Amino acid sequence: MMWPEVEVLISTTYASAGYFEVSVVFVFFAWLFSERVMAMMELMSTKLYEACSTPSYNGSLKQSSSSLHHQLTQYQLRKREQIAQAKSLSKNGGIGNEHFPIVDLLRVETLGKIRRRGILGSIFPVIRHCSTFKKYEYPYIYDSVLKDESVQQMVENTASEEAFENGITDPDGIEKFVERQTKRAAAILTHMHSKLSDLVLRIGSWVFYKTLPLLFTSMSIPQGQIEMLRKAASTGLPLIFLPLHRSHVDYIAVTFTLCNSGIRAPLVAAGENLRIPIFGKLLTGLGAFYIKRRMDPVAGKKDKLYRAILHNYMTQCMQAGHYFEFFIEGGRTRTGKPCMPKGGLMSVFVDAYLSGILEDALLVPVSVNYDKIVEGNFVTELTGEPKKPETLMSALKGIWTAITSHYGLVRVDFNQPFSLHELVRSFQNKVMNKSGSFHIAPSSASLYGTDIIHEEQRQLVDSITRHILYDCMQSTAVMSTNAVAFLLLYYFRNGVPLSKLTFALDRLRDELSFSKKDTGFSGDSKDIIEHAVSLLGPGLVEVDKKDEDVYYKPVSMLPNVLELNYYSNTLVSHFCLKGVVGRVLLSLTADQRDAKVAIEKVVDVSILLCEILQFEFIFTKTCQQLNNAVFDAIEEMTMHEILTEVASHRSGRLGYGCPRNLEIIDDEDEDFIPPDTFYKVNLEEEKLLFYGRLLEPLIDTYCTVFSYLLCMMDQVMPEQILVKELLATVKAGLDNGSIRYAESLSTDTIKNCMKLLEKWSVLECHIQDGTKVYYLNPKYESEEMLVTIIGKVELFRNRL
């Protein structure tokens, strides 16, 4: 039996020990989750992840210590190299300079000014970040649109037109049509409007922080661009984000970047096909407002009520302070090349400015590029099959496929914002009417009153959208898969050893760097190639080992080559003007022994080829003269010794005889006379042959479509049947060898060629029984006239 004093002492000691244990455990966990230790643990896990995810990793964790040490050492060297480059770049300029360290948006630590305060902030940094990033008010716009005077007037006008068509003239009968159109207006707006919510943005950001790393290794953006956007937002002007459209992930990437960088999230124009159960509601909370792909349900009859509501809704959202985002191409590109811009939604903002509703706005070109797109490919649509509509089941299946696959890196780029006010002022001289004054159309003209829209305003919108699209294209970072696919298809189509492909990639990177084209990858070219090939997969690139070297060969058969071509087209767009000049040089010297050309002839024929391919590429900014850009390309070819000057004198004539009054040439260039300089063409130069090959698939398709015109004499063909016939003709050309590259099989290229022929007034079309039909212009219903047209494109169909 213990003394009472001793028993109390022992029990007190035990209690103190318990408190001490708890204190020790608490301090240990606080230290464990401190910022420094967390950073150390993350670095260790990153190194282990890098070591275990190299291309040679076979899924087993059993690696020798020497192998692991070697891989960690290589990782450290690459990391040090990247840090050194970032430091040297950051020393070269302040805010506004494009050279900034890269921020990985999927890691909250890299977003700047993020601090883990307290234990909860250390344990749950993503939750803390998503709950504390800058909050904005997002006004809800609905009732005011339906009550707007212009919308109510359009309801009455539509009702009156419908009553007249049905032979109703009495007031009671007309009133029923007014009630019907009023209900329809409410239904249109209910399906259209957005319910952008700060709470949904925060929850969505947390979900994306947890799911996007399952798909992508990183989603990066230069730090300087974030600072640039913050400066633009501080002006108080509405920001209009205009991205290129490659993937459905584009919607997420732009909004995710903005709201997690402390910038107001925009309203996003989305196709009505995405308004599917569950996901459609979620996208609405993230800012989506839905518009129809085809605004006019009856062919040849404009749905003025729908257009009025859309125009008014966007205008009121703009006045309420909302930012906007819409894809300037309309739909996603199926070929990897930017599509020609659509001016419908841009016309709303231009009209609001011209009408005085909008004082100014900042237009922000955006591009998002991927190592690999989550949609897989678009080869079925390119080969003529119709697009499958989005459904709930297809969305669920797509999400499951995505989270169980890996798609490499994502690069987001925001270009320098343009003032809408300044753009309109700079383009007014180009779209002035003959009286010298710029006509301001009424606000109803931009989107739904197209019967009275003035041509100069249409040209103004077109000039702005082409300018923005060109900047988007130039700011698109080249990903590893773009570079490797490009080299394999246009340099090493018959296969290449790794050593030679590595050297070629080094040269390409140098050339891109020289032309200030950014890349979305860094490190050793050998590692980049292995990374790209693993993402492209064996269906696109064959890998074989011969004589202790690895050989790569592109899969050039249909339909695989169309997917590989998708990735290479990012660089084809970059080199398109050099491809034009290279093709022209080979065409002009095809039958010459001395291979000598006059510079003015090269320029004029290059402009002709640019006109032929005007629906494939935008070769220059709208404010830039095309022939000056051609001269720049020629000058660069002299640097590569493709061309050597042999003689020079002034010529009094204007040019080779090709038209100078193209829309893509500035009117001020009408009196420009280039120097009559002669150049010797080095036909053995590898780079010339490379440039000449770039456009061959497109030219073969155009030649096929042009030649098919001879079969259309006295024919009226529905669009769908005509496209199928042309696809079959291209396939026959591939089978008999008259067409060399399988990439020529593309519905997009065929339709672009049809647009060109329609613009040239060779083909005409109209709506018949709800179907678009094509037929020859009576002027070209003769073989002689058609042969002349066919000869324009056949000039460039020389074989290399």
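**Reading loops and backbone angles**

Me: I278 is exposed, with a relative accessible area of 54%. How is a residue sorted as buried or exposed?

Reply: Buried is under 20% relative accessible area, exposed over 50%, and partly exposed in between (1.4 Å probe, protein chains only). This is a predicted model, where local features need pLDDT of at least 70, side-chain atom pairs count only at pLDDT 80 or more, and totals for chains, interfaces and linings use all residues. Residues are numbered from 1 along each chain as its sequence is written, and side-chain values use heavy atoms, leaving out hydrogens and water. Of the 800 residues in the protein chain, 50% are buried.

Me: Where is I278 found?

Reply: Helices (H or I, at least four residues) and strands (E, at least two) are DSSP runs, numbered from the N terminus. The protein chain has 30 helices and 18 strands. I278 lies in the loop between β4 (267-271) and α12 (279-285). Although I278 is not a glycine, its phi is positive, at about 70°.

Me: Which residue other than glycine has a positive phi near 60°?

Reply: That is E641. The loop between α25 (626-639) and β14 (643-649) holds E641, and E641 counts as exposed at 56% relative accessibility.

Me: What is the peptide bond from L558 to P559, and what is its omega?

Reply: The bond from L558 to P559 is cis, with omega near -5°. P559 is placed in the loop between β12 (549-554) and α22 (560-574).

Me: Where is the place of K751?

Reply: K751 sits in helix α29 (residues 747-759). With a relative accessible area of 38%, K751 is partly exposed.
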